[in-house]
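Welcome, and please open the model in your viewer with a cartoon on screen. We will go from the whole chain to single residues, one selection at a time.

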Amino acid sequence: MNFEEVQSYNQLKKHSVFLSDTTISDLFNQDSERFSKFSRSYEDIIFDFSKNLIDEKTLDLLIKSAEQLDLKEKIKDMFDGVKINTTEKRSVLHTALRSDLKEIKVDGKNIIEDIQTTNDRLFSFAESIRNGDFKGFKGNRILDVVNIGIGGSYLGPLMTIEALKPYKTPLINFHFISNVDGTDITETLKLLNPETTLFIISSKTFTTAETMLNATTAKDWICEKLGTEAIANHFCAVSSNVALATEFGIKKENIFGFGDYIGGRYSMWGPIGLSTIIAIGKERFLEFLEGARLADLHFKNTPFDKNIPVLMALISIWNINFLGVGSSAILPYDNYLKYLPLYLQQLIMESNGKSIDRQGNHVNYNTCPIIFGEVGTNGQHSFYQLLHQGTEKILCDFIIPVLSHNEKGLHQINLLANGIAQSEALMKGKTKDEVIAELKKDGLSQTEITKLLPYKIFTANRPSNTFLIKEITPKTFGMLIAFYEHKTFTEGIFWNINSFDQFGVELGKQLAKRVIKDLENPSNELLNQYDSSTGSLIEIIKNIRK
């Protein structure tokens with residue numbers, strides 16, 4: 001069902017008009033218990049959504065919309081393995097990678113058995129690298145692990161290893177190669193000793209163009225330095241294409257596959273997380289999975305009015321579809337979370353950046369917001385100017401761990417204060433009267449005040465959520481990421497789109513194959529037909545590269 005067709009949709013439209021003359025500050029002034037009414041806690045995470053232009057009626061109508069869309073049943077379908085990825089005819093079961101159930105069936109087969117068998121192999125292989133039993137071709141232990149992948153095969157491990165850096169083994173360095181730009185792999189190889197380096201080739205099909213080009217370059221480097229016999233000692237693969245991986249030179253026992261019910265941007269909980277397992281070890285990785293599993297249970301079993309991922313989605317839907325907010329900023333106040341905005345860009349925009357509904361029709365409403373972000377306080381001296389005084393209102397997610405792994409003097413207090421103050425500033429703004437009083441106190445003349453006044457006013461009523469997390473641990477981090485996964489799924493239900501395909505990434509790559517042929521063609525004649533811009537650019541490039 002299209003969410004515009006549910007009974008409560010028009011009521012929400014009318015209610016958004018009713019609230020248009022109200023400010024968030026007004027709502028706080030009217031209700032001293034607003035925080036308790038519009039915040040929820042689970043384990044060591046508090047989700048505060050009180051700094052949004054909502055009241056109890058808003059929340060009630062949004063929850064009714066979720067009920068009218070049969071969200072509960074659709075959540076059950078996902079966890080039960082129903083093929084909700086309808087365009088690709090696949091189940092969506094990344095949750096199975098962290099489940100403690102004994103049985104989940106896909107096409108009549110219990111996938112839990114395969115997951116457990118693969119995990120046992122993953123943990124054993126990772127431990128052999130961590131303890132030095134796995135040796136390079138010359139008999140040296142592995143000191144550098146290089147993950148070669150792109151998209152979810154790159155962003156998930158990159159983000160997680162950085163986020164959980166306090167738990168990382170100090171004996172091994174980790175590197176990530178994703179970009180097809182030769183600079184990426186060239187600069188990485190400069191840091192490495194071939195005798196102590198292991199490459200993980202992360203490509204489910206073992207055909208991903210960017211990944212395989214980088215993998216081939218890495219292979220050539222190893223062969224040049226150590227000989228072709230060294231390939232098996234310096235490469236492993238996360239791939240379901242055993243034939244191509246073994247043809248590449250990788251031992252079968254060092255190939256780890258996963259089913260097509262695991263999408264790329266949801267894959268870091270399984271074999272794609274091999275580099276993470278090597279980094280933090282089996283026990284910490286299991287804690288990471290446990291955090292996500294607890295988030296799964298919370299999402300699956302908790303009533304919508306207390307369900308954090310559902311509430312995250314409802315607030316997002318309210319801002320995007322009823323208040324006209326078109327962008328969302330991810331603002332982590334922890335340097336270890338510096339890759340979180342980048343990861344969530346892919347998770348959210350690749351999942352829901354679509355304009356065709358499940359019935360193949362164009363939608364006539366906004367779907368996915370533009371996602372961007374940066375760690376605080378860096379972002380405060382970058383794009384926060386736009387957040388506070390720009391023409392667009394942007395929904396901000398402040399992610400604030402209370403305890404730091406690196407308590408240094410007053411650093412953490414200053415960091416926490418900045419995060420909390422920014423959300424307050426977005427909500428309250430600064431009025432004309434406040435600016436005048438401030439400038440008078442600074443001793444400015446009336447003429448100077450009049451001139452500066454419009455520039456110093458901050459419009460209020462800019463929405464934000466705050467996640468207060470006791471401390472970033474494998475468990476809390478796993479929980480946070482799973483919350484965002486389920487939020488994304490819930491949004492897709494409201495917008496009636498398939499959140500689990502990604503055909504939008506294909507067209508440019510398909511056209512690039514034509515362009516490659518022309519760029520490689522030694523003659524000046526173009527082999528393919530192009531528009532005047534594309535054809536001219538190709539000719540100019542060829543002439544420069546002659």
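**Before you start**

This is a predicted model, in which local features need pLDDT of at least 70 and side-chain atom pairs count only at pLDDT 80 or more, while totals for chains, interfaces and linings use all residues. Residues are numbered from 1 along each chain as its sequence is written, and side-chain values use heavy atoms, with hydrogens and water left out.

**Stop 1: the whole chain**

Select everything. The chain has 21 helices and 13 strands; helices (H or I, at least four residues) and strands (E, at least two) are DSSP runs, numbered from the N terminus. Along its principal axes, the C-alpha trace spans about 80 × 60 × 60 Å.

How does the radius of gyration agree with that of a compact globule? A compact globule of 546 residues would have a value near 24 Å, and the chain's 26 Å agrees with this. That radius is taken over C-alpha atoms, and the globule rule is 2.2 Å times the number of residues to the power 0.38.

Now colour by burial. Of the 546 residues, 53% count as buried, where buried means under 20% relative accessible area, exposed over 50%, and partly exposed in between (1.4 Å probe, protein chains only). Contact means heavy atoms within 4.5 Å; among contacts between residues at least 6 apart in sequence, 74% join residues at least 24 apart.

Switch to charges if you like: there are 60 positive and 67 negative side chains, and the centres of the two sets lie 1 Å apart. Lys and Arg count as positive and Asp and Glu as negative, with His and the chain ends not counted; the place of a charge is NZ of Lys, CZ of Arg, CG of Asp or CD of Glu.

**Stop 2: helix α6**

Select residues 111-130. This is helix α6, with 20 residues and a reach of 28 Å from its first C-alpha to its last, close to the 28 Å expected at 1.5 Å a residue. The expected span is 1.5 Å times one less than the number of residues.

Show side chains, and look for the buried ones, among them I111, I115, N119, L122, F125 and I129. An α-helix has 3.6 residues a turn, so residues three or four places apart point the same way. What covers the buried residues of α6? The cover includes β3 (105-106), β4 (109-110), β7 (197-202), β8 (235-238), β9 (255-256) and α12 (274-301).

**Stop 3: S202, in strand β7**

Stay with β7 and pick S202, which is in that strand. S202 counts as buried, at 2% relative accessibility. Leaving out residues up to four places away in sequence, S202 touches N147, I148, G149, S153, T211, V238 and I272.

**Stop 4: helix α9**

T211 from that list is also one of the buried residues of α9, along with others including W221, I222 and L226. Select 209-226 to see helix α9, whose 18 residues reach 25 Å from first C-alpha to last, close to the 26 Å expected at 1.5 Å a residue.

**Stop 5**

Pick I161 in helix α7 (residues 152-163). I161 is buried, with a relative accessible area of 6%. Beyond its neighbours within four places in sequence, I161 is in contact with K168, F174, F176, S275, T276 and A279.

Then move to I172, in the loop between α7 and β6 (173-177). Is I172 buried or exposed? I172 counts as buried, at 0% relative accessibility. Residues up to four places away aside, I172 touches I129, R130, I142, L143, D144, V145 and I278.

**Stop 6**

Most residues other than glycine have a negative phi, and most peptide bonds are trans.

- D70 has a positive phi near 55°; D70 sits in the loop between α4 (56-68) and α5 (71-80) and is partly exposed, at 45% relative accessibility.
- D107 has a positive phi of about 55°; D107 lies in the loop between β3 and β4 and is exposed, with a relative accessible area of 65%.
- G376 and T377 are joined by a cis peptide bond, with omega about 10°; T377 is in the loop between β11 (370-373) and α15 (384-389).
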